[in-house]
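Hi,

Here is the structure I promised to pass on. Have a look at it first, and my notes follow below.

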Amino acid sequence: MNEEELAKKFQFFEKQINALQGEISAIDTAIEDMKKISFGLEELKGKTGEEIFAQIGKGLFVKAKLLDESILLDTGGKNFVKKSIDETKITIKKQEKKLEKIKKEVEDDLQKLDTELVKTMNEFNKENPK
């Protein structure tokens with residue numbers, strides 16, 4: 001392997017590493033969002049009949065009156081299921097665990113890539129002693 005081939009391999013490794021790091025960052029953000037939602041749900045307990053601020057978009061809130069503590073959970077395809085706060089928190093916790101599992105798999109892929117990178121560098125150094 002010559003220096004040009006090594007440079008191409010390093011560019012390939014760099015792209016893959018950046019992509020995996022981006023995935024990890026996105027997963028971390030999703031996990032943090034799940035934790036915020038769970039916290040927000042807990043804040044709703046015992047607030048039936050009270051006025052709250054309900055988010056309708058990023059940074060947009062409206063004043064609303066909480067009629068009951070049921071949550072409509074989007075199950076996909078515009079299908080909704082009515083759940084209690086505690087049931088919803090359980091669902092969110094399951095999603096967090098799935099995300100943690102996926103994050104671990106991506107981190108394992110990143111570790112494998114790092115091992116391959118070191119192996120490639122060692123092979124180059126053996127083939128091209130100074």
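Glutamate 43 sits in helix 1, residues 3-44 (helices are DSSP runs of H or I with at least four residues, strands are runs of E with at least two, both numbered from the N terminus). Glutamate 43 counts as partly exposed because its relative accessibility is 43% (buried is under 20% relative accessible area, exposed over 50%, partly exposed in between, with a 1.4 Å probe and protein chains only). Glutamate 43 and lysine 119 are 76 residues apart in sequence, and their C-alpha atoms are 52 Å apart in space.

Bear in mind that this is a predicted model: local features need pLDDT of at least 70, side-chain atom pairs count only at pLDDT 80 or more, and totals for chains, interfaces and linings use all residues. Residues are numbered from 1 along each chain as its sequence is written, and side-chain values use heavy atoms, with hydrogens and water left out.

Next, threonine 91, which lies in helix 2 (residues 85-127). Is threonine 91 buried or exposed? Threonine 91 is buried, because its relative accessible area is 17%. Leaving aside neighbours within four places in sequence, threonine 91 is in contact with Leu73 and Lys83 (contact means heavy atoms within 4.5 Å).

Cheers
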